[in-house]
Amino acid sequence: MQEAAAYMLLVIGGNASPSADDVKNVLTAGGVAEPNEESITALVSDLDGKDINELLADGAEKLKDIPMGGSGGGGGGGGAAAGGDAAEEPEEEVIEEEEAPAATDMFGGGDGGDY
């Protein structure tokens, strides 16, 4: 997959027909210590002489007929249980305000310092 991504980066960058060395250079620049040369060679030989945009369009056309899951939405919530006649009153939240500490200068001293 790294090889295909490197190939696509080269094509996007303007190299219409990247070589195996080009792909290898992108991979090593991206931090891959030892690129798989067999995979690179196979990829480049498979894509040699083909337009990558046409290949992508053909692949997208094939994928449109494949169901991709997408199950229905979740079920509705359960109904409330039938309760007695007594209705619960919501409790009021008590909000306590916290006092901010006295303002000081940026370094913690309020006396002006030696500066």
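Reader: Which helix holds Leu63?
Author: This is a predicted model. The helix in question spans residues 52-63. Leu63 is found there, in helix H4.

Reader: Is Leu63 buried, partly exposed or exposed?
Author: Buried needs under 20% relative accessible area, and exposed needs over 50%. Leu63 has 46% relative accessibility, so Leu63 counts as partly exposed.

Reader: Which residues make the nonpolar surface patch of about 320 Å²?
Author: A residue needs over 30% relative accessible area to join a patch. Leu63 has 46%. The patch is made by Leu63, Ile66 and Met68.

Reader: What pattern does the protein chain follow along the sequence?
Author: The chain has four helices. It has zero strands. Read along the sequence, the pattern is α-α-α-α.

Reader: What share of the residues in the protein chain is buried?
Author: A residue counts as buried under 20% relative accessible area. The protein chain has 115 residues, and the buried share is 12%.

Reader: Are H2 and H3 parallel, perpendicular or oblique?
Author: Two packed helices are described by the angle between their axes and the distance between the axes. Helix H2 covers residues 20-29 and helix H3 covers residues 37-47. Their axes lie 9 Å apart, at an angle of about 130°. That angle makes H2 and H3 oblique.

Reader: Is the crossing of H2 and H3 left-handed or right-handed?
Author: These two helices pack with their axes 9 Å apart. The crossing of H2 and H3 is right-handed.

Reader: At what angle do H1 and H3 pack?
Author: Helix H1 runs over residues 2-12. The axes of H1 and H3 are 9 Å apart. H1 and H3 are oblique to each other, and their crossing is right-handed. The packing angle is about 50°.

Reader: How many salt bridges does the model have?
Author: The rule asks for a side-chain nitrogen of Lys or Arg within 4 Å of a carboxyl oxygen of Asp or Glu. Lys24 and Glu37 meet this way, and so do Lys64 and Glu61. By this rule the count is two.

Reader: Which helices do Lys24 and Glu37 lie in?
Author: The side chains of Lys24 and Glu37 form a salt bridge, 2.8 Å from N to O. This pair ties together parts that are 13 residues apart in sequence. Lys24 lies in helix H2 and Glu37 in helix H3.

Reader: What is the relative accessible area of Glu37?
Author: Its partner in the salt bridge is Lys24. Lys24 is partly exposed, at 28% relative accessibility. Glu37 is also partly exposed. The value for Glu37 is 45%.

Reader: Is Lys64 buried, partly exposed or exposed?
Author: Lys64 meets Glu61 in a salt bridge, 3.1 Å from N to O. Glu61 is partly exposed at 47%. Exposed means over 50% relative accessible area. Lys64 has 57%, so Lys64 counts as exposed.

Reader: What separates the C-alpha atoms of Leu43 and Val23?
Author: Leu43 is found in helix H3. Leu43 counts as buried, at 19% relative accessibility. Val23 is 20 residues apart from Leu43 along the chain. Their C-alpha atoms are separated by 9.7 Å.

Terms used
Residues numbered from 1 in each chain as written. Predicted model: local features only at pLDDT ≥ 70, side-chain atom pairs only at ≥ 80, totals over all residues. Heavy atoms only, no water. Patch = residues over 30% accessible without salt bridge, like charges linked within 9 Å, V, L, I, M, F, W, Y side chains within 5 Å. Areas by Shrake-Rupley, 256 points an atom, 1.4 Å probe, with all protein chains shown as cover. Buried < 20%, exposed > 50% of the residue type's maximum accessible area, 1.4 Å probe, protein only. Axes fitted to C-alpha atoms, helices over the stretch in contact; angles between N-to-C directions. Parallel < 35°, antiparallel > 145°, perpendicular 65-115°, else oblique. Left-handed = near helix turned anticlockwise from the far one by under 90°.
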